[in-house]
Amino acid sequence: MAQGATQGREPGTPRLSLQGVTKRFTRPGGEQSVALNNISLACEDRTFVAIVGPSGCGKTTLLRVANGLIRPEEGQVRLGGKAPRPGPEAGFVFQSFRLIPWLTVRRNIEFALEELPLSAAERKERALHYLDLVGLARVEGSYPAQLSGGMRQRVALARALAVEPMILLMDEPFASLDAQTRELMQMELMAIWQRNRALVLFVTHSVDEALVLADRVVLMGGGQVLDDIEVPLPRPRFGEEVRASAAFLELRAYLWGRIRDLVLSDPASDFYGRDPAAAQKEASA
Ligand SMILES: Nc1ncnc2c1ncn2[C@@H]1O[C@H](COP(=O)(O)OP(=O)(O)OP(=O)(O)O)[C@@H](O)[C@H]1O
């Protein structure tokens with residue numbers, strides 16, 4: 001991961017930069033929606049950036065613009081100094097694992113490596129190396145349907161890592177996992193990232209997850225960056241001392257408060273205009 005850190009760009013320029021990026025979509029009725037609204041963001045190598053914000057605020061669109069899957073109407077995106085193109089420069093991990101059901105676990109990873117200049121033997125070796133890293137070398141010959149959800153997500157992670165991308169884009173990767181597996185996956189991801197750091201953009205609806213994992217939390221709302229917070233907490237952050245610390249709880253309350261206010265003030269939201277405090281008072285009366 002994160003090979004050739006300054007390759008193809010001026011020293012000191014960020015790994016990923018978005019400048020004045022606007023992306024619009026046309027809804028089925030012909031109405032235009034603005035998914036990204038003049039957004040600017042710079043991310044350095046070796047940084048773990050979490051992106052949080054209400055549903056529909058543009059988080060997934062940001063990831064898709066960052067790896068060139070979609071092109072914005074306005075503004076400039078640079079990954080490693082160049083316009084991004086979908087391919088091995090960026091690894092994508094989704095909430096749904098998107099493994100190929102008729103290929104074994106190892107073949108799923110080898111398939112992702114076919115775009116790289118590697119021999120079949122090198123592809124096999126690399127696939128096994130990354131499967132080993134996520135603790136799954138023993139199931140290399142199994143098919144995705146024979147694995148648990150957590151195992152499938154680890155295969156998806158190994159597949160993204162195996163390409164050794166400049167940037168790892170993770171879109172709510174652990175959202176479909178049970179709470180215990182989710183925490184184990186967070187620990188696994190942290191261990192891998194600390195050994196072999198790439199720039200990670202990690203979209204999550206969980207403020208706790210963002211604070212446990214990230215160096216920086218970017219808060220989005222209405223297609224814009226509303227806040228960009230350095231997380232000053234010591235690592236590792238999985239223990240109770242960190243999660244119960246005043247700094248953690250303060251940041252958590254702040255981010256939840258901002259997201260709640262954004263949801264309640266958005267006319268397109270199902271919760272628009274509600275007053276949760278009044279509802280709570282009524283319920284307890
Ligand atoms: N392919 C598309 N066609 C039309 N509209 C789209 C498309 N992709 C995204 N949008 C719209 O762009 C806006 C931002 O969507 P996006 O998926 O980026 O939000 P999000 O923050 O990732 O949401 P969620 O948290 O619910 O996944 C939404 O209004 C969405 O409906």
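**Close-up 1. Backbone of Arg46 in the predicted model.** Arg46 lies in the loop that links β2 and β3 (48-52). Although Arg46 is not a glycine, its phi is positive, at about 60°. Arg46 has 14 C-beta neighbours inside 10 Å and therefore counts as partly exposed. The model shown here and in the other views is predicted.

**Close-up 2. Backbone of Glu172.** The loop between β6 (167-171) and α5 (179-195) holds Glu172. Glu172, which is not a glycine, has a positive phi of about 45°. Because 18 C-beta neighbours lie inside 10 Å, Glu172 counts as partly exposed.

**Close-up 3. Surroundings of the ligand.** The residues around the ligand include Phe25, Arg27, Ser33, Ala35, Gly53 and Lys59. Two elements, β2 (32-43) and α1 (59-66), each give two or more residues to this shell. The largest contribution comes from α1, with 3 residues. By class, the shell comprises 3 nonpolar, 7 polar and 2 charged residues.

**Close-up 4. Contact of helices α2 and α3.** Helix α2 (residues 105-112) and helix α3 (residues 120-133) have axes that come within 9 Å and cross at roughly 120°. The two helices are therefore oblique to each other, and the crossing of α2 past α3 is right-handed. On the α2 side, the contact is made by Val105, Arg106, Ile109 and Glu110; their partners in α3 include Arg123, Ala127 and Leu131. The contact residues divide into 6 nonpolar and 4 charged, with no polar ones.

**Close-up 5. Cis peptide bond at Pro236.** Arg235 and Pro236 are joined by a cis peptide bond, with omega about -5°. Pro236 is placed in the loop between β9 (224-230) and α7 (240-243).

How values were computed:
Residues numbered from 1 in each chain as written. Predicted model: local features only at pLDDT ≥ 70, side-chain atom pairs only at ≥ 80, totals over all residues. Axes fitted to C-alpha atoms, helices over the stretch in contact; angles between N-to-C directions. Helix = DSSP H or I, 4+ residues; strand = E, 2+ residues; numbered from the N terminus. Parallel < 35°, antiparallel > 145°, perpendicular 65-115°, else oblique. Left-handed = near helix turned anticlockwise from the far one by under 90°. Contact = placed C-beta atoms within 7 Å. Nonpolar A, V, L, I, M, F, W, Y, C, P; charged D, E, K, R; others polar. Near = placed C-beta within 6 Å. Buried ≥ 20, exposed ≤ 12 C-beta atoms within 10 Å, placed from the backbone.
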